[in-house]
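Me: Can you walk me through this one? I'll ask as we go.

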Amino acid sequence: QVQLVESGGGLVQPGGSLRLSCTASGSIFSSETMGWYRQAPGKQRELVATIRGRLATYYADSVKGRFTISRDNAKKPVYLQMNSLKPEDTAVYYCNVVTTIGNYWGQGTQVTVSS
């Protein structure tokens, strides 16, 4: 069984930065893909970024150049560094991991970008 816990969300002004953390309990291997998704009010959940191992990353076009996903190893948290935040980045951000035995989600953390 895997449990994911996100933290680091909050209220930030446009142009500001936040760093989200996702801590996993249970068996996670570095070869498994971890990702961040977000869901804004009235919209479908969308992929933000994924990481497999330490270096294989993917970013949605809307966040390229502004967000960075990272982790040191499978036993460490996965981070999402978010810079140059825009009001349209406002959403609940969810951590996700796909393992050989299941697809797991965290409870989400709210990010609000507003002046």
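Me: Which residue in β8 is the bridge partner of T68?
Reply: Q81 is the bridge partner of T68 in β8. Strands here are DSSP E runs of at least two residues, numbered from the N terminus. This is a predicted model, where local features need pLDDT of at least 70, side-chain atom pairs count only at pLDDT 80 or more, and totals for chains, interfaces and linings use all residues. Residues are numbered from 1 along each chain as its sequence is written, and side-chain values use heavy atoms, with hydrogens and water left out.

Me: How many bridges join β7 to β8?
Reply: Four, and the two strands run antiparallel. Two strands pair if DSSP finds at least two bridges between them.

Me: What's the strand order in that open sheet?
Reply: β1-β3-β8-β7, four strands with antiparallel pairing. β1 (3-7) and β7 (67-70) stand at the edges with a single partner strand each, so one side of each has no neighbour in the sheet.

Me: Switching topic. Is M34 buried or exposed?
Reply: Buried, because its relative accessibility is 2%. The cut-offs: buried is under 20% relative accessible area, exposed over 50%, partly exposed in between (1.4 Å probe, protein chains only). M34 is in strand β4 (residues 33-39).

Me: And what does M34 touch?
Reply: Leaving out residues up to four places away in sequence, its contacts (heavy atoms within 4.5 Å) include L4, C22, I69, V78 and C95.

Me: What about W105, where does R45 lie?
Reply: R45 lies over the face of W105, 4.6 Å from the ring centre. The rule wants NZ of Lys or CZ of Arg within 6 Å of the ring centre and within 35 degrees of the ring normal. W105 counts as partly exposed, at 34% relative accessibility.
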